[in-house]
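Here's a quick briefing on how two chains meet, starting with one partner and then moving to the interface.

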Amino acid sequence: MKTFEEKFTAWVDGRLTGAELAAFERELEARPEATAEKQAALQLGDLLRAHIAAPPLRNPDFFNHQLLQSIRQQQPQSSSAPRRSPSFWSLPRMAFSGAFLLLLATIFYSAAVPNTRREVRHNQQYVSNILNARSDDPDITATSFHSKENNVNVLWLDGLGYMPRDHKLK
Amino acid sequence: MSLDGEPVTRSITAPAAAPVVPEDGDLVARCQHGDTAAFSELVTRYRGKVYAMIYNMVHNEQDAWDLAQDGFLKAWKSIARFRGQSSFYTWLYRIMMNVTIDSLRRRHVEGETEFDDSIGLRNIDPNSFTTPRTEALPNEKIAGDEIRARIDAAISRLSPEHRAVILMREIDGMEYQEIADSLGCSIGTVMSRLFYARKKMQSMLRDVYENL
């Protein structure tokens, strides 16, 4: 259902036809000034068409040049290679993870490695002491080996009649 | 060979090939693959009409230039989404209208313009055919420059939407459906806006067109 304004506009522009036009013209019979108003609207259109003229675009080539320059300036931001999705390993995360792993390593080192080292060092020192110790008895020979079966380092002493008390293995 | 043994030479001249003018759709397809030269051709094709339309809305050459640049840049950015449901020009026109109307609204908010929709709503009863007269100078002939100034002043008092419909209809000769597509509204809205825009313009310019 068209409003009065819509029908009037269509009537001025000659867009009403058939039954719609007839019905609207019947409606306008009670308005004798309607024809004059239509004429005024058409005069207005003629006036606008006769006097509205935009000046031509100056420097049309420069218009294109400026536009293409703007496009090129914006292209690297918008149409270059698609942006990589952000990696999980951002710099702060990498730094945090590094610090965390370092802490773990330190804990592990202080919890496990040093004890072993101490034992090894202790054993090595003991072996060293023995190996470096002078013996007057040339029949005493010392051999050291690792027993895979028992997972121990074995110091094998041949010809040793007795073990000095201060070198007793603990 | 001819009868007397002379070789016959025929000059075969191909009809001058008319330069192939690519369709808008072909240029658009190239633009969608990033071809700026194709876009430049589309700009060349429509810059004059677009500039004139914007100029008639804003009445300032520099503003019209800037808005046309802005509109074409927006068109380039969104051309990948153009699916061809309407003609390229209608689609472009819509972008230009949005850019121009937004600019006019911004300027209105910033107090640079004085358009006032209430001109029509307050003074014009749609059921009354009597439009108020302004500055009527009976039987006085008005010079061309003055007419243009009066028209510009009258247009500048219309809201951006009313400016758009009356210029598209009266100057560009667009159909209601084209105007509706360009403005993103219904045909009924276009016709209604046109009714009030005409009434307002008549109220401001009646003495001009009656005394020509």
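Chain B has nine helices and zero strands, where helices (H or I, at least four residues) and strands (E, at least two) are DSSP runs numbered from the N terminus. This is a predicted model, so local features need pLDDT of at least 70 and side-chain atom pairs pLDDT 80 or more, while totals for chains, interfaces and linings use all residues. Residues are numbered from 1 along each chain as its sequence is written, with chains lettered from A and ligands numbered from 1 in the order written.

**Chain B fold**
- Along the sequence, the pattern reads α-α-α-α-α-α-α-α-α.
- Of the 212 residues in chain B, 38% are buried (20 or more other C-beta atoms within 10 Å of the residue's own, all placed from the backbone).
- Among chain B contacts (C-beta atoms, placed from the backbone, within 7 Å) with a separation of 6 or more, 71% join residues 24 or more positions apart.

**The interface**
- 34 residues of chain A touch 36 residues of chain B.
- On the chain A side, H1 (4-12), H3 (34-51) and H4 (60-78) each give two or more residues.
- H3(A) supplies the largest share, 11 residues.

**H3(A) against H9(B)**
- The axes of H3(A) and H9(B) (residues 187-210) come within 10 Å and cross at roughly 75°; axes are lines fitted to C-alpha atoms over the stretch in contact, with angles from 0 to 180 degrees between N-to-C directions.

Note on methods. A residue is buried if 20 or more other C-beta atoms lie within 10 Å of its own, exposed if 12 or fewer, and partly exposed in between; C-beta atoms are placed from the backbone. Two residues are in contact if their C-beta atoms, placed from the backbone, lie within 7 Å.
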